[in-house]
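Student: I have a model open and want to learn how to read it. Can we go through it feature by feature?

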Amino acid sequence: MGSRANQSATKTRNICLPWQFDCQFGYPKCVSRNQLNNGKIDCYSGFDEGCPAHFFVCKDRSACIEPSKYLDGKADCKDSSDEPCAQGQFQCADGSKCIARTLFQNGNEDCPDGSDEECTTSQFACKCGAVRCVAEKFVMDGNWDCEDGSDEFIENGGEAPPIFRFFDET
Ligand SMILES: [Ca+2]
Ligand SMILES: [Ca+2]
Ligand SMILES: [Ca+2]
Ligand SMILES: [Ca+2]
């Protein structure tokens with residue numbers, strides 16, 4: 001306590017030099033400014049090539065991809081590092097294992113963390129009913145894709161007005 005000066009003195013770790021670019025996280029911490037926007041990802045973060053912070057940078061640093069393309073079952077990185085599981089498999093969010101694609105959203109938790117039963121970032125989570133997730137493009141498209149119609153009444157907090165429920169009974 002009271003030794004703040006000491007603390008800031010030890011904080012001088014890894015400040016980039018004036019001719020360097022700060023990658024902000026990962027290794028290397030700094031790259032030469034010549035490596036900025038040169039078409040090759042040099043920072044682990046991909047910041048030197050303008051990759052947004054939430055993008056996934058391929059292991060071989062050949063590209064960075066949108067988060068929705070990570071673990072979507074299709075290789076988008078040249079080295080397939082966005083799909084560490086074999087073709088047709090789903091990787092549990094905690095990285096503990098790969099499960100068969102047929103077990104994905106089948107109603108049973110097959111991943112230890114239950115992530116195979118969660119809706120993906122490109123899906124809408126129905127409020128209730130047997131249908132749990134619907135693709136984003138079916139939200140507000142005029143058809144009830146969720147059993148409870150919550151994909152058509154998002155501005156209403158996912159609550160279908162009672163009159164609609166009545167008509168749906170027939
Ligand atoms: Ca670069
Ligand atoms: Ca992918
Ligand atoms: Ca499952
Ligand atoms: Ca719909």
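Student: Which element of the chain has the lowest mean pLDDT, and which the highest?

Tutor: First, pLDDT is the predictor's confidence in each residue, from 0 to 100. Helices (H or I, at least four residues) and strands (E, at least two) are DSSP runs, numbered from the N terminus. Here helix H1 (residues 4-10) has the lowest mean pLDDT, 46. Strand E4 (residues 64-65) has the highest, 97. This is a predicted model, in which local features need pLDDT of at least 70, side-chain atom pairs count only at pLDDT 80 or more, and totals for chains, interfaces and linings use all residues. Residues are numbered from 1 along each chain as its sequence is written, while chains are lettered from A and ligands numbered from 1 in the order in which they are written.

Student: Over which residues does pLDDT stay under 50?

Tutor: Where pLDDT is low, the predicted coordinates should not be read in detail. That applies to residues 5-12, where pLDDT stays under 50. The model has zero contacts beyond four places in sequence for them. A contact means two C-beta atoms, placed from the backbone, within 7 Å. For the chain, the average pLDDT is 86, and 87% of the residues score at least 70.

Student: How many helices and strands are there?

Tutor: Two helices and eight strands. Along the sequence the pattern reads α-β-β-β-β-β-β-β-β-α. Among contacts with a separation of 6 or more, 9% join residues 24 or more positions apart.

Student: What makes up the largest nonpolar core?

Tutor: In soluble globular proteins, nonpolar side chains tend to be buried together. A residue is buried if 20 or more other C-beta atoms lie within 10 Å of its own, exposed if 12 or fewer, and partly exposed in between; the C-beta atoms are placed from the backbone. A nonpolar core is a set of buried Ala, Val, Leu, Ile, Met, Phe, Trp, Tyr and Cys residues joined through C-beta atoms within 7 Å. The largest one here has nine residues: Cys23, Ile41, Cys43, Phe47, Phe56, Val57, Cys58, Cys64 and Cys77. A second, separate core has five residues, including Cys126, Val134, Trp144 and Cys146. Buried residues make up 18% of the 170 residues in the chain.

Student: Where is Val134, and why does it count as buried?

Tutor: Val134 is in strand E8. It counts as buried because it has 20 C-beta neighbours inside 10 Å. Beyond four places in sequence, Val134 touches residues including Phe124, Cys126, Cys146 and Asp151. Val134 and Asp151 are 17 residues apart along the chain, yet their C-alpha atoms are separated by 7.9 Å.

Student: Is Glu152 buried or exposed?

Tutor: Glu152 is buried, because 20 other C-beta atoms lie within 10 Å. It is found in the loop between strand E8 (133-135) and helix H2 (162-169). Leaving aside neighbours within four places in sequence, its contacts are Met140 and Trp144.

Student: Which backbone angles should I check?

Tutor: Most residues other than glycine have a negative phi, and most peptide bonds are trans. Gln24 has a positive phi of about 75 degrees, and Gln105 one of about 50 degrees. Gln24 sits in the loop between E1 and E2. Gln105 lies in the loop between strand E6 (98-100) and strand E7 (123-125). A cis peptide bond joins Tyr27 and Pro28, with omega about 0 degrees.
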